[in-house]
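Here are my notes on the model you sent, as numbered points.

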Amino acid sequence: MVNTDNNKSRRGPWRDVDEADWQDWRWQLRNRIRTEKRLNEYLKDEQETSKLRRAVIRNFPFAITPYYFCLMKDSDIEDPIRLQCVPDPREIAFSLGGVDDPLAEDRDMPLPGLIHRYADRCLAMVTHTCTMYCRHCNRKRFWKEGAAAKSRLSAMIDYVAATPGIREVIVSGGDPLTLPETVLEGFLGALRSIPHVEVLRIGSRIPVVLPMRITPSLVRMLRKHRPLWFNTQFNSPRELTPEAALACQRLVDAGIPVSNQSVLLRGVNDTYETMRELLYGLQRISVRPYYLFSCDPVRGADHFRVDLWKGMELMERISRSTSGLCVPLFVLDVPGGKGKMPLQTFSLLTDSFLA
């Protein structure tokens, strides 16, 4: 259970909010920080910093749940939680040549919102809405759009039904758990009724940024559509809170496996100590580290990118000193249908090893 005594002390501007409201995901959604004025009020940054941030917000919207905001150490502008949620002037002032569509997803869309890169599976972007807009997101180009129209969801279902090679559908976005529960249930049910669809997968960061949304009611609904796999994205050990652990526990207890797909981010998780703490923490809450992605070269996220060799050295050190159940596959997602390229070094193959 969540320690409610401790909870109020770390709520910052919301310390006087009733516990029932704080634990209500609908309250969290209604009270997200979405305006420059509110953000400046809560952060208390210098005026020059606030002015620079204004130009970022014009290009890339933002939204932060009170829950996630309170994980931040507000006095530290390089705090790993802050880096992931607060608009940063480097999103428009620093560029290594990032592009809007780094994985060339638009080329692999036979219809709007449905990506079919691999013969046996497809990805359905059922919404472009998120509860929080992660500053490193590789789909920043969609942030100004909203939920997909029901006609678009119907077209996705028709496409999958007419394509017998598809055995797995990944329901993504945006965040699919921002859809009304009845809409999401109808979409999952329609996919489940297609004979050649064997497996469903949901990609959502809700357990990290709004764990209250993983309610018993939602879990019961998802359970009906098994085999269903749940992929989320914890990037910092500070995100492994009691609330997040409870959300993941509810999914696992319902027979829904939970895997984690982290992104290697400069200043967030690019040290051995931080990454090992994150991986150990995931294992403790029964979340399987699945992938560690090299940050995609998306416009507005170049300042997060870590040199590939540094990433490989980090993961080799992790693999030498950490249980195999804790070690994700470090990959570079490559456009053009080439998939996820494993990144590894071979320094272990020394002369003494081969002798």
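1. A charge is taken to sit over a ring if NZ of Lys or CZ of Arg is within 6 Å of the ring centre and within 35 degrees of the ring normal. The model is a predicted one. In it, the charged end of Arg-213 is placed over the ring of Trp-25, at 4.0 Å from the centre of that ring. Lys-140 is found over the face of Phe-60, with 4.2 Å to the ring centre.

2. Next, the aromatic pairs. A pair of rings is described by two quantities, the distance of the centres and the angle of the planes. Rings of Phe, Tyr and Trp pair if their centres lie within 6.5 Å, and planes under 30 degrees apart count as stacked, over 60 as edge-to-face and the rest as tilted. The count by this rule is 7 aromatic pairs. For Trp-22 and Trp-27 the ring centres are 5.8 Å apart and the planes stand at 50°, so this pair is tilted. Trp-22 is buried, at 2% relative accessible area, and Trp-27 is buried as well, at 9%. Both belong to one aromatic cluster formed by Trp-14, Trp-22, Trp-27, Tyr-42 and Phe-69.

3. On the sheet: 9 strands make up an open sheet with mixed pairing, in the order β1-β2-β3-β4-β5-β6-β7-β8-β9. Its edge strands are β1 (114-118) and β9 (339-342), each of which pairs on one side only. From one strand to the next, the twist averages 30°.

4. Leu-114 has Ala-124 as its bridge partner in β2. Helix α9 (residues 150-161) lies across β1, β2 and β3 (168-172), and its direction is at about 25° to β1.

5. Which residues does Cys-248 touch, not counting those up to four places away in sequence? They are Pro-207, Phe-234, Val-258, Ile-285 and Val-287. Cys-248 belongs to helix α13 (residues 242-253) and is buried, with a relative accessible area of 0%. Pro-211 is 37 residues from Cys-248 along the chain, and 8.4 Å separates their C-alpha atoms.

6. Is Ser-262 buried or exposed? Ser-262 has 3% relative accessibility; the limit for buried is under 20%, so Ser-262 counts as buried. Ser-262 is part of strand β6 (residues 258-264). A polar contact of 2.8 Å links its side chain to the side chain of Asn-260. With neighbours within four places in sequence left aside, the contacts of Ser-262 are Gln-233, Phe-234, Asn-235, Leu-278, Tyr-291, Leu-292 and Phe-293.

7. Most residues other than glycine have a negative phi, and most peptide bonds are trans. The peptide bond from Arg-226 to Pro-227 is cis, with omega near 5°; Pro-227 is in the loop between α12 (216-223) and β5 (228-232). Ser-286 is not glycine, yet its phi is positive, near 65°. The loop that holds Ser-286 runs between α14 (272-284) and β7 (288-294).

Conventions: Residues are numbered from 1 along each chain as its sequence is written. This is a predicted model: local features need pLDDT of at least 70, side-chain atom pairs count only at pLDDT 80 or more; totals for chains, interfaces and linings use all residues. Side-chain values use heavy atoms; hydrogens and water are left out. Rings of Phe, Tyr and Trp (its six-membered ring) pair if their centres lie within 6.5 Å; planes under 30 degrees apart count as stacked, over 60 as edge-to-face and the rest as tilted. Buried means under 20% relative accessible area, exposed over 50%, partly exposed in between (1.4 Å probe, protein chains only). Helices (H or I, at least four residues) and strands (E, at least two) are DSSP runs, numbered from the N terminus. Contact means heavy atoms within 4.5 Å. Two strands pair if DSSP finds at least two bridges between them. Axes are lines fitted to C-alpha atoms, for helices over the stretch in contact, and angles run from 0 to 180 degrees between N-to-C directions. A polar contact is a pair of N or O atoms within 3.5 Å; within protein, one must be able to donate a hydrogen and the other to accept it, and residues adjacent in sequence count only if both atoms are side-chain atoms.
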